Amino acid sequence: MSSGGLGLGTKAVRFVTSALASFALLQAGTANLSADEFKTPAISAVRVEWRAALDQLRSEIGAQPAIVSAFTFTGQRRLPAFDPRSMPALVQLNGVTSQLFTGIGQSPVPVLLPFDAGAYLDASLHGAPDRLSLSRYQADFRPVDLFDAGPAGYDAVFSFEPGAGDGMPQRTFARPVEVQITGSILIYDVSDPLGGKGEPVKTLAAQFPDLRRFIREGYVRYAFTRFGVPYVVSIQCLDSAPRAQRLACREAYPVAERFLRALHVAGGLPSRPRTDIPAETAERPAERSSDFSFRAPGDIVANSGYRRQGGRADFTAYSQIRFPLEKAPAFVHSQEFRNRRPSDKPPDELAGSTTSYPWRDSFCESRSFNVGQCPGGFGHQGQDIRPAPCPERNDGFDRCDPRQQPLVAVRDGVLIRSLKQEAATLQINTRTEHIRFRYMHMNPATMDTEGILNGRHVDEAEKIGVVSNYLDHPNGTTRHLHFDVQVFTRDGWIWVNPYVTLVSAYERLIHGRGREIGAESGAAVAHAVPDEAVHSNSQEGGTEN
């Protein structure tokens, strides 16, 4: 069995994989896999080398003898590795750093942060004033914007004001540069043609021998392994020449490398070995729905993919979530492409329109965003969801307000969002999942006012907003929700297709199993608008995080 603790007999356990099946279906140009066979994701759990983490902690605080003497590095060896008493130095460290990073001891992997615990403790012992800036111990990074630790690992976001130091970007940006770091005991094993690539960083090779730098899906990323654990440091940026108030990826290099040089062991604690293995298939209602139908995964509107390529047949339900709209009916369709068919009926009354069944996948529709899971390397990143139109006669207690159709949290989790950002991300961190769900098109000012901000914990089905139409400005797009899914891999957080995850969630919401319509059924209506009609500069599925 897999574990985050010590003394395990296996390095990793793979729960289930559907990558080969999906690849074969894609190559064959068909999506005939039974709708009864939605798969759960393939996940590996790493073995953590905690003794090596203790050795590093000892070396990091070795310059302060008073601090070394305050820590107990010799544990009771006969205790199980996951027993806190077996590693008292970590318990002591967590007691100190939890005042700054709440819940740090919940992480089953060593927490690496740009925080010099030894220097901080030494200053405290020698009477440093409380008003002394915490940034002094964090290589000039501000106090943490987000810290979230749980059974799968930890995530943190720090910000940095450009211009503070030699070699840093010297121009003005719209907001401080945000640096993310994730360390995870769980790795999603997706079929990834771009995985594992990158270039070494010679100036950091001594500190991080296996470090690789690469630009992917709107972020510059630095991936490395320490104590058997995958860590990824990333900064959102433009893979292009600098633009007004926007950070180019090359400008992000010195900020990320400053962050990496400042990393120290800040906490964490071994966890009890895992014994639970998720089922290989997702649960679905036994009773059939009388009306809900959906086209097969990967069956996007013809010629709507990048360079007219098709979609990707991914039959994975990445999580058993609550559907993100409060009420049914809801509809998943393309917002960029329309099927052209002669009719006198209004568009929303046509079968295949944005407010009718069957649903249709749009994950790999052509956009200007990198999506490694799509055949052409570019795609939509997620799915667009529209609520049903309010009826014309709209009175009574349960009155439908088209501007107040609620969005809800799909799981218990923590929100990731800074002030003024257009996207709200819900992160799930459990013994079996390390996954993110992103909501877009709500008004940023409204989200600021309602506290949809970094670190807020929400419960499943809790209202977090309403379906809206914000895209850089009010009325910037149609009224819908853009919803996407990211999972953690050795390359960091990458987008995966949420289509089957949404189908599965919707079936549970309506208590009925949908009817899959194969690709051949849609051939007669698969006439897309020309490629030039795609809004290549759309920010609909952008990389606001």
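A: Let's start with the term itself: a disulfide here is a pair of cysteine sulfur atoms within 2.5 Å. Please keep in mind that this is a predicted model. By that definition, the structure holds three disulfides.

Take the pair Cys-237 and Cys-249 to begin with. Their sulfur atoms lie 2.0 Å apart, and a disulfide joins them. The two cysteines are twelve residues apart and link distant parts of the chain: Cys-237 sits in the loop between β9 (229-236) and α6 (249-261), while Cys-249 belongs to helix α6. The torsion about their S-S bond is about 85°, so this disulfide is right-handed. Are these two cysteines buried or exposed? A residue counts as buried when its relative accessible area is under 20%. Cys-237 has 10% relative accessibility, so it is buried. Cys-249, at 2%, is buried too.

Now move along to Cys-364 and Cys-374. A disulfide joins them, with an S to S distance of 2.2 Å. Cys-364 is in the loop between β12 (330-332) and β13 (369-370), and Cys-374 is in the loop between β13 and β14 (378-379), ten residues apart. The torsion about the S-S bond is -95° for Cys-364 and Cys-374, and the link is left-handed. Both Cys-364 and Cys-374 are buried.

The remaining pair is Cys-390 with Cys-400, whose sulfur atoms are 1.9 Å apart. Cys-390 and Cys-400 both lie in the loop between β15 (382-387) and β16 (406-408), ten residues apart. With -65° about the S-S bond, the link of Cys-390 and Cys-400 is left-handed. Cys-390 is partly exposed, because its relative accessible area is 21% and the buried class ends under 20%.

How do the bonded cysteines pair up when they are numbered in sequence order? The pattern is 1-2, 3-4, 5-6.

The protein has 545 residues, and buried ones make up 57% of them. Its secondary structure comes to eight helices and 24 strands. Among contacts between residues at least 6 apart in sequence, 73% join residues at least 24 apart. The protein exposes about 23000 Å², and carbon and sulfur atoms supply 50% of that area.

In helix α2 (residues 50-60), the buried residues are Trp-50, Ala-53, Leu-54, Gln-56, Leu-57 and Glu-60. They cover an arc of only 160° around the axis, which puts them on the same side of α2. What covers the buried residues of α2? The cover includes α4 (88-97), β2 (111-113), β8 (219-226) and β10 (264-267).

For a last stop, look at His-480, in the loop between β21 (463-466) and β22 (481-489). His-480 has a relative accessible area of 1%, so it is buried. The side chain of His-480 reaches the backbone oxygen of Thr-478 at 2.9 Å.

Technical notes. Residues are numbered from 1 along each chain as its sequence is written. This is a predicted model: local features need pLDDT of at least 70, side-chain atom pairs count only at pLDDT 80 or more; totals for chains, interfaces and linings use all residues. Side-chain values use heavy atoms; hydrogens and water are left out. Buried means under 20% relative accessible area, exposed over 50%, partly exposed in between (1.4 Å probe, protein chains only). Helices (H or I, at least four residues) and strands (E, at least two) are DSSP runs, numbered from the N terminus. The arc is that of the directions from the helix axis to the C-beta atoms. Contact means heavy atoms within 4.5 Å. Accessible areas come from the Shrake-Rupley method with a 1.4 Å probe; for residues, only the protein chains shown count as cover. A polar contact is a pair of N or O atoms within 3.5 Å; within protein, one must be able to donate a hydrogen and the other to accept it, and residues adjacent in sequence count only if both atoms are side-chain atoms.
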